[in-house]
Amino acid sequence: MKDSVIRYQYNPMLTDTVGFFDYCIPLTRENTLHVSDSLQKYYDLSVYNYITQPPVPKEFLQTTSIFSNHQLLSSHKGPLPINRQAADWVTLGFVACLVIFAWLQTSYSKRLNQILRAAVQSHSVNQLERDGNLFSERITLGLGFIYYLVSSVFIFQLVREFLIIPPGFSNLAVTGIILISLFLYQLVKSAIIYTSGIIFNTRESARAYQLNILIFNHITGIVLFPVTIIVVYWNSRDFLITGIIIISLLLIYMFFRGVLTGLANKNYNLFYLFLYLCTLEILPLLLIYKVISKI
C-alpha cells in the first residue's frame, strides 16, 4: 500500500487536550488517496471530513448609555474604614428605655404629667414641689436612665457623623465614655449650684434652678428618644440635624428659665447670676465647639 497524502489544516478554535495533533487536525479525504489502494473500501475517514468554520465576528454598535452623570459630592475627603461592630447593645438599651417608660407611665402617670406641665408652665413647678421631692423619687431614676442613655447614643452619632472615632475604640467604649462624661458634668454642675447657693445665701434660688435643670433633662430624654431611634436604625442625617435643633431650643429655653428663676429672688445679685450662667452654661458649649473646630 502506497503512502497516502495527508493534508493538515490549522484550527485555533479546537482544543486538543491530549496534544497529539498539536492543534493540527488531519483532513484526509478519500479522493486524495491513490486509486491503486485496494484497501480503500475499508477506510472510514469520515471523522476527518469536516472543517470548522471560523466564528462570526461580533459587531459592536455604539449606543447611548443609560447611565448619566450626577452632581453628588463626597462628604468625606478619603475612604472610611469599614466598622463591622455589633450594635446589639444599642437595641438592648432602647428596649430597656421602653420598658422603663412603660413602667413610669403605668405607675407614676400623674407625676409624669406634672413634669410635662412644669416644663411648659412655670407656675406648675410649685405644684410639683408641693406633691413631693422630685430629687429623691423613683421616677427620677427611670427618667434619668433614659436621659443619659439616649443623650449618650445621640452624641455618639454626632461624633461618628462629623468627627473621626480614634482607632482602637469600639462603639460601646466611646458611648460609655460619653455617658460617664455627661454624668460627671451634671454632677459637677449640681455641686457648683449647691455651693453657690450656700455662699451667696440663695439656697431657694439654687434649688429652683437645680429643679429646672432636672425637669429639662427629663424632657430632653423623652423628646430625643424617638429621634435617636430613627437616627440609629435609618441612618438619617436629616433627623440628626432635627435632634440638634431640638436640643438647641431646649437649652435656650432652659437658659431663659434659669434667668427668670434668678431674677425672681430679689436678694440674688445680677452679676453673680450672669457669672454663674456664663461659667456653667455658655463656657462648656464654647469649649466643645473649640475642640470640634480643631479636629
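**Note on aromatic pairs and a helix packing**

1. Across the whole structure, a search finds six aromatic pairs, where rings of Phe, Tyr and Trp (its six-membered ring) pair if their centres lie within 6.5 Å. The rings of Phe94 and Tyr233 have centres 6.0 Å apart and planes at 65 degrees, so this pair is edge-to-face (planes over 60 degrees apart; under 30 is stacked, the rest tilted).

2. The model is predicted: local features need pLDDT of at least 70, side-chain atom pairs count only at pLDDT 80 or more, and totals for chains, interfaces and linings use all residues. Residues are numbered from 1 along each chain as its sequence is written, and side-chain values use heavy atoms, leaving out hydrogens and water.

3. Phe94 lies in helix α1 (residues 88-107) and Tyr233 in helix α6 (residues 203-234), 139 residues apart. Helices here are DSSP runs (H or I, at least four residues), numbered from the N terminus. Phe94 is buried at 4% relative accessible area, while Tyr233 is partly exposed at 44% (buried is under 20%, exposed over 50%, partly exposed in between; 1.4 Å probe, protein chains only). Ring pairs join Phe94, Phe225 and Tyr233 into a cluster.

4. Helix α4 (residues 138-162) packs with α6 at about 45 degrees, the axes being 8 Å apart. Axes are lines fitted to C-alpha atoms over the stretch in contact, with angles from 0 to 180 degrees between N-to-C directions.

5. Residues in the contact (heavy atoms within 4.5 Å) include Leu143 and Phe154 of α4 and Phe225 of α6.

Notes. Helices (H or I, at least four residues) and strands (E, at least two) are DSSP runs, numbered from the N terminus.
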